[in-house]
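My notes are below the display.

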Amino acid sequence: MKQVTVLAPAKLNLTLDVLGLESNGYHSLDMIMQTIDLYEQITLRKSRGLSLRLPNSRVPANDSNTAIKAALAFFHYTGLLAGVDIEIRKTVPVRAGMAGGSADAAGVLVGLNALYEAHLSMSELCALGAKIGADVPFALLGGTARVEGVGDLMKALPPCPDCVFVVCMPAAGISTPKAFARYDQIGSNIHPDGAAAERAIRAEDLQALAKEMKNALEESSESCHNAPIREILDKNGALASLMTGSGAAVFGVFDSMEQAEQAAAQLKQSYPQVYIQKPCKGGARVLHSPKRQTEIYL
Ligand code: C5P
C-alpha cells in the first residue's frame with residue numbers, strides 16, 4: 001500500500017463545564033462531545049521526507065501544524081525510518097471550537113498506522129495524540145463520549161438521539177488559550193449537569209438532553225455573534241442553541257430537518273459558513289475501498 005485516505009470528523013460540545021485549573025495551566029473539564037459528519041479529508045503517501053500541503057486553506061503548513069506534530073510523534077514512537085507526504089483538504093472551520101486541528105492529528109496517526117502497518121493500539125494512538133492536543137484522543141475515538149480530565153479521560157456513550165445540527169461559524173475565529181484565560185478572569189454562572197445529560201442520552205431522550213446542553217465558556221466569550229446566531233436558531237425551533245468548545249462556532253439542535261433548513265437559510269443571509277450536519281458514530285477512519293470513497297464524494 002503506497003497511499004491511504006482518511007476521513008477525520010469535526011466535533012461539537014453538547015455540554016462543556018470547567019471544573020478547575022490544573023498545576024500545568026490546563027483546565028479540568030466535564031464535556032459531552034459528539035462527532036458530526038463534516039470531515040477533513042487527509043491523504044498520506046509513503047515518502048522518504050516529510051511534507052504537508054493544505055490546498056485552498058490559509059492554515060500554515062509548518063512545524064506548528066498538528067498534522068506535522070502527529071507524523072513526527074508516530075515516527076519517533078515506532079522508530080520507523082520513513083516519511084510521508086500529507087495532503088489535507090480542510091472543510092472544518094478554523095478557530096471554531098470544532099477540533100479541526102485535532103481531527104487532522106488524529107487522521108494522520110490513524111493513516112500512518114495503516115500505511116506502515118504499525119498495528120498500534122487505540123490506547124497507544126490516544127497516548128501519542130494527547131501530547132499533541134487535548135481533543136486528539138476524542139478525535140480518534142469519535143461518536144458520543146463523556147470526556148473529563150483535561151480531555152484525556154473518555155467514556156464512550158451510546159449514540160446521541162437522532163437529531164440535526166445547524167452549525168454557524170462567524171467570520172472571526174477565537175483562540176482557545178485566550179478563551180480559557182478570559183474564563184479565568186470572569187468565571188461563569190453556567191455549569192451544565194454532565195451526569196443529567198449522560199442520563200438523557202442513555203434514555204434516548206432528545207428533549208431532556210437539549211435542556212442540559214450548555215457551555216461554561218459562553219459567558220466569557222467575547223464574540224458578539226453568539227446572541228444573534230442563537231436568536232435565529234431559537235426562533236426557527238431549535239431545541240437548544242449554544243457555542244461549541246471555546247467558540248467561535250454556535251450551533252442549534254433540531255428534531256426536524258425542515259426547521260433546520262429554514263434556520264440555515266436565514267443564517268446564510270448574514271454568515272459565510274453555515275452547515276447542516278448529522279451526528280456521526282465514529283472518529284478518524286481509513287477509507288479502505290475506492291467504491292466507498294465514490295459513494296461519499298459523488
Ligand atoms: O491542547 P490544545 O492545544 O488543544 O489546547 C489549546 C489551549 O487551550 C491550551 O494551551 C490551554 O490554554 C487551553 N486548554 C485548557 N484546558 C484544557 C484544554 C485546553 O486550558 N483542558
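The entries go from the ligand to the cavity and then to a pocket.

**Basis.** I worked on a predicted model, in which local features need pLDDT of at least 70 and side-chain atom pairs count only at pLDDT 80 or more, while totals for chains, interfaces and linings use all residues. Residues are numbered from 1 along each chain as its sequence is written, and side-chain values use heavy atoms, with hydrogens and water left out.

I then looked for polar contacts (pairs of N or O atoms within 3.5 Å). A side-chain N or O atom of His27 is 2.6 Å from an oxygen atom of the ligand. For the side chain of Tyr26, the distance from an N or O atom to a ligand oxygen is 3.1 Å. Val150 uses a backbone N or O atom, 3.3 Å from a nitrogen atom of the ligand. On its own the ligand has 450 Å² of accessible area (Shrake-Rupley method, 1.4 Å probe), and the protein covers 75% of that 450 Å².

I took helices (H or I, at least four residues) and strands (E, at least two) as DSSP runs, numbered from the N terminus.

**Cavity.** I searched on a 1 Å grid over the protein atoms alone for cavities, where a 1.4 Å probe fits but cannot get out, and for pockets, which are open sets with protein on both sides within 12 Å along at least five of seven lines; lining residues have an atom within 4 Å of a point. Volume is the space filled by probe spheres set on the points, which are joined across faces, edges and corners. The whole structure has 1 cavity of 30 Å³ or more. The largest cavity holds about 40 Å³. Its lining includes Lys11, Thr35 and Asp135. β1 (3–21) and α4 (136–141) each give two or more residues to this lining.

**Pocket.** I noted a volume of about 200 Å³ for the second largest pocket. Of its 14 lining residues, Pro159, Cys160, Pro279, Cys280 and Lys281 lie nearest the centre.

Technical notes:
Polar contact = N/O pair within 3.5 Å; in protein donor to acceptor, adjacent residues only side chain to side chain.
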